[in-house]
Amino acid sequence: MNRPKYPGKSFENVLDSKILVVDDEESNVRLLEYLLNRNGYSSVRCATDPRDAVQIYREFRPDLVLLDLDMPYMDGVEVIEKLQEIETESYPSVVIITANNNEETKIRCLASGAMDFLTKPFNGVEVVARIKNILNVCLLHNRINQQNKILDQKIRERTQELADTRLEVAQRLSRAAEYRDNETGMHVIRMSRYSYLLADAIGLSSNLCELLQHASPMHDIGKIGIPDNILLKPGKLDNAEWEVMKTHAEIGGQILSGSGSNLIQMAENIARTHHEKWDGSGYPNGLKGEDIPLEGRIVAVCDVFDALTSERPYKKEWPVEKAVQELKDNSGIHFDPVLVNKFIEILPEILKVRESCRD
Ligand SMILES: [Fe+2]
Ligand SMILES: [Fe+2]
């Protein structure tokens, strides 16, 4: 576990910190308690039996432990190990009290998480100065930790705000396109949710599925650039008009091009490729098979299925069975055959969405 070396302490002033003194020699305990009290530390508790120390630690939650190394029942290193079991979020702050100055002992103590050493016999001035230094480090660390938490929270909020705004702008852009089109607002909601389901069914990550759901409503954004006499013409388009109509894919791509956002980049791909066909007979670029971006292929299936099963000014709504047959008949011609099979597999879920999002 990646734990901070110095735990975040709750005190705001070093003199308010809680200190636990553990030493089997009563005289040492009393001396340290006296030194600490005399220098303004009022929250000091003591233990002469290391087994009591663990229990006191649990209740008292000291900011600093002054811990003797050589004690009966449990030595200082064992006590540290017990304290570490209690402190799951951070290391307990421990200063070792020892008369034993050999290197091996010191390394063992440091390895077990001790922060410093106090050597017996004590020099009172040195002891108090060291304790104050260590508590100051804890205090600073605490402040930095708190600042970091506040900053983290702010960053999270701003990031969320940005993502929300981006999504909102995208949704409003799609809505703008609907005003120019015969297709209803419900069409883009249904086809975008079908797209999500289909993407999920073929195993795309939930992140990609969500991007697809939010990007696909912009598939026909390019219709903004098609003149009214063609876009809103009640009858069939002639060849020249149809050529103009087909430019909506390229116009959409241009409207959405050059973005740094994943969402808009995906929307651009969809706008450009949702009329490409698996056999290469689609527009605007006659892309074939897997050269057509997956998002374009997914949207093609979902867009057409919804168009077929919806009523439009120029046509009645097709029964689901007839629309499914149309997908099957065009599998490998207009549509990616793998996607058609998957779409039929998840048809019950698709129809649930259709029912809940009727025009
Ligand atoms: Fe389109
Ligand atoms: Fe559409």
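Student: Start with H11. Is it mostly covered or mostly open, and how many of its twelve residues are buried?
Tutor: Keep in mind that this is a predicted model. H11 is mostly covered, with nine of its twelve residues buried.

Student: Which residues of H11 are buried?
Tutor: Leu263, Ile264, Met266, Ala267, Glu268, Ile270, Ala271, Arg272 and Thr273.

Student: What do the buried residues of H11 pack against?
Tutor: Four helices: H5 (124-178), H7, H10 (248-256) and H12.

Student: How far does H11 reach from its first C-alpha to its last?
Tutor: It reaches 16 Å, close to the 16 Å expected at 1.5 Å a residue.

Student: Now H12. What span should its 15 residues give?
Tutor: At 1.5 Å a residue, H12 (residues 294-308) should span 21 Å. Its end C-alpha atoms are 21 Å apart, which agrees.

Student: Why call H12 largely enclosed?
Tutor: Because eleven of its 15 residues are buried. Among them are Gly296, Ile298, Val299, Cys302 and Phe305. Asp303 and Asp306 are buried as well.

Student: What covers the buried residues of H12?
Tutor: The cover includes H6 (185-201), H7 (206-215), H11 (262-273), H13 (320-329) and H14 (337-345).

Student: Switching topic. Which domains does the assignment give?
Tutor: Domain 1 is 14-150 and domain 2 is 179-356.

Student: What distance separates their centres?
Tutor: The centres of domain 1 and domain 2 are 68 Å apart, taken over C-alpha atoms.

Conventions: Residues numbered from 1 in each chain as written. Chains lettered and ligands numbered in written order. Predicted model: local features only at pLDDT ≥ 70, side-chain atom pairs only at ≥ 80, totals over all residues. Helix = DSSP H or I, 4+ residues; strand = E, 2+ residues; numbered from the N terminus. Expected span 1.5 Å × (residues − 1). Buried ≥ 20, exposed ≤ 12 C-beta atoms within 10 Å, placed from the backbone. Contact = placed C-beta atoms within 7 Å. Domains from an automatic or database assignment.
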